[in-house]
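Please read them with the structure open.

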Amino acid sequence: MTSLLVRALKREPIERYPVWMMRQAGRYLPGYRAVRAKTPFLDLCGTPSLAAEVSLEPIERFDVDAAIVFADILLTADAMGVPVAFPAKGGPKLTNPIRTPEDVERIHEPTDERTRCVSETIAILRKTLPASKAVIGFSAAPFTLCAYMIEGGSSRDFQLTRKFAHAHPHAFRDLMARAADALVPYLKEQIAAGADAVQLFDTWGGIGTLPLAREVVLPMARRVVEGLGSDRPPVIYFPGIGTAARLEDALETRANALSLDWQTDLADAHARVGGRVCLQGNLDPTLLLTTPDQIRAATDDMLARIPAGHAHVANLGHGIIKETAPDNARAFVETVKAFRPAAPEPA
Ligand code: CP3
């Protein structure tokens, strides 16, 4: 039996929309917090039995349609020569960032001791879950990975990254190509271990100019997608926050699905690109900080904007927020599962 998620991603007929939540395994869950109280973040990522346990918590609690492997997009930065630490406060820190064209030379192919744990966790998940539940692997997309490697951590507007791309276009392209070529074997290993689909997170892919997106950001994401080969499982691409106006451009990545931020109108997105790819999203994660009644109404409104017969995966427009009450996440998932898409018009 093919999972509902994979059927939707392949744009096959489905009886209801599949649902999962970006960052669904995290600090809003009591089980996750209990594990983290005893285990530093990188040790958790590096211990497949524990990583599998926290990946499964959202399935056990909410019966979502997919588990996403517990890991982080920055594990690959570390494996490529830019060490990453996850201090208790202030977000990830990359201690030796890329600031000059010469720095790009030290980016090497990923060593596998930081990343092998990810495919080992996927193998446990695939063995534990029934075929009806999909296992999602993931990585950053090249731009978002490079943005963290240049910036050295989270940033409001990624000025250093944007400046680097303008000041050193050749070195920037070289860095992006190295990132893309590192991500391909990493994702292939996840697929070989049992990932039914993979998501490329380009969270900051919309931060630069339109020419940068068209000339580098999206072509390098495409290089990853195509690097996975023609027999690859479905790929979901999250083009990033603020990219509603660039959805046609994002089709160039050749991903099977585009994941939409919360600012994008679903009816508009489906009219523009939804006939050509599956779409995913896009409830505003701050709605999950309100009440179950409000969440149910907003979720029904959101799903009602999808045209009959169009492929869609219900999700949030970005990662779940750590203050979210688990019962509010449950209200979202249950509402999606109760919603029945309208039958397509007969041809
Ligand atoms: O979706 C899942 O449940 C799987 C696990 C997952 C994590 N990070 C675990 C994590 C996934 C898919 C990610 C992706 C990720 N990581 C992204 C892309 C998606 C997005 O949210 O935009 C980004 C930008 C990162 C980088 C990152 N990792 C940041 C900025 C932070 C600190 C901020 C934060 O949310 O805590 C992390 C740490 C991190 N990665 C945590 C988790 C559960 C929190 C660590 C903890 O304190 O326990």
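1. The lining of the second largest pocket divides into eight nonpolar, four polar and three charged residues. The model is a predicted one, and this lining total uses all residues, whatever their pLDDT. The volume of the second largest pocket is about 250 Å³. Its lining comprises 15 residues, and those nearest the centre are Glu12, Pro13, Ile14, Gly309 and His310.

2. The largest pocket holds about 1300 Å³ of space. Its lining runs to 41 residues, with Arg23, Arg27, Asp72, Pro92 and Ile320 the closest to the centre. Sorted by class, the lining of the largest pocket comes to 24 nonpolar, nine polar and eight charged residues.

3. How many cavities of 30 Å³ or more are there? The count is one.

4. The residues around the largest cavity are Gly205, Gly206, Ala213, Val217, Leu218, Tyr237, Pro239, Thr243, Arg246 and Ala250. By class they split into six nonpolar, three polar and one charged. Helix H11, which covers residues 210–227, gives the most to this lining, with three residues.

5. Which residues of H14 are buried? They are Ile295, Ala298, Thr299, Met302 and Leu303. Viewed down the axis of H14, these buried residues fall within an arc of 130°, so they line one face of the helix.

6. On the face of H14 turned away from the buried side sit the exposed residues Asp293, Asp301 and Ala304. Here exposed stands for over 50% relative accessible area, and buried for under 20%.

7. What covers the buried residues of H14? The cover includes two helices, H13 (266–273) and H15 (326–338). Strands S8 (278–283) and S9 (312–316) are also included in it.

Key
Residues are numbered from 1 along each chain as its sequence is written. This is a predicted model: local features need pLDDT of at least 70, side-chain atom pairs count only at pLDDT 80 or more; totals for chains, interfaces and linings use all residues. Side-chain values use heavy atoms; hydrogens and water are left out. Buried means under 20% relative accessible area, exposed over 50%, partly exposed in between (1.4 Å probe, protein chains only). Helices (H or I, at least four residues) and strands (E, at least two) are DSSP runs, numbered from the N terminus. The arc is that of the directions from the helix axis to the C-beta atoms. Contact means heavy atoms within 4.5 Å. On a 1 Å grid over the protein atoms alone, a cavity is a set of points where a 1.4 Å probe fits but cannot get out, and a pocket is an open set with protein on both sides within 12 Å along at least five of seven lines; lining residues have an atom within 4 Å of a point. Grid points are joined across faces, edges and corners, and a volume is the space filled by probe spheres set on the points. Ala, Val, Leu, Ile, Met, Phe, Trp, Tyr, Cys and Pro count as nonpolar, Asp, Glu, Lys and Arg as charged, and the others, Gly among them, as polar.
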